[in-house]
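I opened the model to look at the ligand and its surroundings, and then at the positions that a database record marks. My notes follow in the order in which I looked things up.

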Amino acid sequence: MKKLIIINGPNLNLLGKREPAIYGSLSFTEFLDKIKDKYKNVEIEYFQSNIEGEIIDKLHEAGFSYDGIILNAAAYTHTSIGIGDAVKSIETPVVEVHISNTFNREEFRHQSYISPNAKGVILGFGLQSYELAIQSFKLEV
Ligand code: DQA
């Protein structure tokens, strides 16, 4: 069974409550329950932190044993050389996801320190971005 982990960065613990016009009104745990139910043949772990170093530690921990990492580093995407370097340092492929289309938002969201070392990037599909990332690992031959 493929072992995946979803790592969410700062403020994503507020999904469902935070700017619902952009991020939707479903909490991440509600979404995760649905997705785990739908993809029973994939093991899906979940980790969220508002702290940059904790995200780096989790990438190190999962990055040599999991089959895939789905990373939404949220605002750190646009600022963190440390998270970018961590993605580069590990073996497990990382798919970068964003709920919103960061390219039709402010200019500062157009920069990503994750993308150059990600296997791929999925953005702008709401929470479905995560599901598409799961499918990208499942469909792999
Ligand atoms: C986000 C986009 C980021 O620019 C923002 O800082 C977030 C969420 C997204 O999923 O759309 O917190 O990563």
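**Ligand shell.** I began with the residues around the ligand, which divide into four nonpolar, five polar and two charged; in this scheme Ala, Val, Leu, Ile, Met, Phe, Trp, Tyr, Cys and Pro count as nonpolar, Asp, Glu, Lys and Arg as charged, and the others, Gly among them, as polar. The shell consists of Arg18, Tyr23, Asn72, Ala74, Ala75, His78, His98, Ile99, Ser100, Thr102 and Arg109, where a residue is taken as near the ligand if one of its heavy atoms lies within 4 Å of it.

**Ground rules.** I noted that this is a predicted model, in which local features need pLDDT of at least 70 and side-chain atom pairs count only at pLDDT 80 or more, while totals for chains, interfaces and linings use all residues. Residues are numbered from 1 along each chain as its sequence is written, and side-chain values use heavy atoms, with hydrogens and water left out.

An N or O atom in the side chain of Ser100 is 2.6 Å from a ligand oxygen, a polar side-chain atom of His78 lies 2.7 Å from an oxygen of the ligand, and for Arg18 the corresponding distance is 3.1 Å. The ligand on its own has 330 Å² of accessible area, and the protein covers 99% of it (Shrake-Rupley method, 1.4 Å probe; for residues, only the protein chains shown count as cover).

**Active-site entry.** The unreviewed UniProt entry lists Tyr23 and His98 as "active site"; its positions are in the numbering used here, feature names are shortened, and annotations may be inferred rather than shown by experiment. These positions span 76 residues in sequence, yet no two of their C-alpha atoms are more than 9.8 Å apart, so they gather at one spot.

I found Tyr23 in helix 1 (residues 20–23) and His98 in strand 4 (residues 94–98), with helices (H or I, at least four residues) and strands (E, at least two) being DSSP runs numbered from the N terminus. Tyr23 is buried at a relative accessible area of 9%, and His98 is buried at 5%; buried means under 20%, exposed over 50% and partly exposed in between, with a 1.4 Å probe and protein chains only. Leaving aside neighbours within four places in sequence, Tyr23 is in contact (heavy atoms within 4.5 Å) with Leu15, Arg18, Ile99, Ser100 and Arg105.

**Binding-site entry.** UniProt, again in an unreviewed entry, places "binding site" at Asn72, His78, Asp85, Ile99, Ser100 and Arg109. These span 38 residues in sequence, and the farthest two C-alpha atoms are 23.7 Å apart, so they do not all gather at one spot.

I checked Asp85, which sits in helix 4 (residues 81–89) and is partly exposed at 45% relative accessibility. Arg109 lies in the loop between strand 4 and strand 5 (120–123) and counts as buried at 17%. The side chains of Arg109 and Glu106 are joined by a polar contact of 2.7 Å, and beyond four places in sequence Arg109 touches His78 and Thr102.

Key:
A polar contact is a pair of N or O atoms within 3.5 Å; within protein, one must be able to donate a hydrogen and the other to accept it, and residues adjacent in sequence count only if both atoms are side-chain atoms.
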